[in-house]
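This briefing goes through selected local features of one protein chain. Please keep the sequence and the 3D view open while reading.

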Amino acid sequence: MQYSNIVQRVLELARQASEAPDSATRQLIEQDLRVFLKPLKAAEIYMLATLMYLGLEGGSVAGLMDRYQQMSDTFGTPERAINQMFTKRGLHKHLRNSLEILANAGVEVDTLLTTHIDSPLALLNSSDDVELSLGPWCCDQCGQVISKPEHGLLQWLTRSKDGHSAGRDLRIVHVNHASPLGLPDGCGPDQSKEFARDGSALSDVPLHWMLEPDGLVRLLAFVEEGEFPANEVNRIIMRLLVPGYETARPYFQKAIDAGIVDVELPNDYFFQSQLGDIVANISKLEK
Ligand SMILES: [Zn+2]
């Protein structure tokens, strides 16, 4: 949605709330407004709060981006910024004032978040330009690229505990012949050392097999049998089977901090559009 449409919608709901005949009606409209605000990007929310303060306190458009920075630093989360907008009386009036200030300065609302000089999301690359793919993978041992599935393994250690299998160290690593480490065990563990530690034995399967339906079922069975915790297995599943995931993975936190993606799901879980936004902007995130 274009940012000007977002601002207009907020303005309209804020106007209705301000003209509500009684407090019960006003609360209902404010509830609608909260529902509308909730799925917006963090940057969109902070900019709304910025505009509200511009209208409330006055000032010039020149300081708008400093004010925006202040908003995102002060509130820290979009939820807090939203709460602040509701505690200040006169949201409608303040927003209308700030739109007037912007119009007088000749600033288009749609440029605020994207192309305005110093904008927080200025000149972001579009995810339309990237195609998300599976792999290449990053070896959990040596940190180097596993460029094709034939060069990789899913590897884990397993032992018997109270009549059940107990696993540890579920990892994606190079196969021996592709390991850049040049060690006898390649990127795998020292098996005699691991056995001495807790009786664990090494298991592995080729990465290309893990990319097939049977690979997924193998991983799901780990969870079913309690051999590995779900959160560990889920992350391996996403690394293996969710396009773009492994490429975007090193940049998750930076992308959140930069406002390129918002947190919608648990830690490390991202939809394809979010992974696309991260992958498209890796060159900026590396700076
Ligand atoms: Zn390796």
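Asp-162 counts as exposed, because its relative accessibility is 71% and the cut-off for exposed is over 50%. The model is predicted.

**Backbone geometry**

- Most residues other than glycine have a negative phi, and most peptide bonds are trans.
- Asp-162 has a positive phi, near 50°, and is not a glycine. Asp-162 sits in the loop that runs between β3 (152–161) and β4 (164–174).
- Asp-268, also not a glycine, has a positive phi of about 75°. The loop between α12 (252–257) and α13 (272–280) holds Asp-268. With a relative accessible area of 28%, Asp-268 is partly exposed.
- The peptide bond between Gly-135 and Pro-136 is cis, with omega about -5°. Pro-136 belongs to the loop between α6 and β1 (137–138).

**Helix α6**

- The buried residues of α6 are Leu-91, His-92, His-94, Leu-95, Ser-98, Leu-99 and Leu-102. Viewed down the helix axis, these buried residues fall within an arc of 165°, so they line one face of α6.
- Ala-103 and Asn-104, on the other side of α6, are exposed.
- Packing partners of the buried residues of α6 are α1 (3–18), α2 (23–37), α3 (42–57), α4 (64–75) and α5 (78–87).

**Helix α1**

- From first to last C-alpha, the 16 residues of α1 reach 22 Å, close to the 22 Å expected at 1.5 Å a residue.
- Buried positions in α1 include Tyr-3, Ile-6, Val-10, Leu-13 and Ala-17.
- The buried residues of α1 pack against α2, α3 and α6.

**Val-61**

- Val-61 is in the loop between α3 and α4. Its relative accessibility is 11%, so Val-61 counts as buried, the cut-off being under 20%.
- Leaving aside residues up to four places away in sequence, Val-61 touches Ile-101, Leu-102, Ala-105 and Val-107.
- Val-61 and Ile-256 are 195 residues apart along the chain, and 26 Å separates their C-alpha atoms.

**Cavity and pocket**

- Rolling a probe the size of a water molecule over the atoms shows where empty space is left.
- How many cavities of 30 Å³ or more are there? The count comes to 1.
- The largest cavity holds about 30 Å³ of space. Its lining consists of Ile-256, Val-263, Leu-265, Pro-266, Asn-267, Asp-268, Tyr-269 and Phe-270. By type, that lining has 6 nonpolar residues, 1 polar and 1 charged.
- The second largest pocket holds about 230 Å³. Of the 14 residues lining this pocket, Ser-18, Glu-30, Arg-89, Gly-90 and Leu-91 lie nearest its centre. The elements α1, α2, α5 and α6 each give two or more residues to the lining of the second largest pocket.
- The lining of the second largest pocket comprises 6 nonpolar, 3 polar and 5 charged residues.

Key:
Residues are numbered from 1 along each chain as its sequence is written. This is a predicted model: local features need pLDDT of at least 70, side-chain atom pairs count only at pLDDT 80 or more; totals for chains, interfaces and linings use all residues. Side-chain values use heavy atoms; hydrogens and water are left out. Buried means under 20% relative accessible area, exposed over 50%, partly exposed in between (1.4 Å probe, protein chains only). Helices (H or I, at least four residues) and strands (E, at least two) are DSSP runs, numbered from the N terminus. The arc is that of the directions from the helix axis to the C-beta atoms. Contact means heavy atoms within 4.5 Å. On a 1 Å grid over the protein atoms alone, a cavity is a set of points where a 1.4 Å probe fits but cannot get out, and a pocket is an open set with protein on both sides within 12 Å along at least five of seven lines; lining residues have an atom within 4 Å of a point. Grid points are joined across faces, edges and corners, and a volume is the space filled by probe spheres set on the points. Ala, Val, Leu, Ile, Met, Phe, Trp, Tyr, Cys and Pro count as nonpolar, Asp, Glu, Lys and Arg as charged, and the others, Gly among them, as polar. The expected span of a helix is 1.5 Å times one less than its number of residues.
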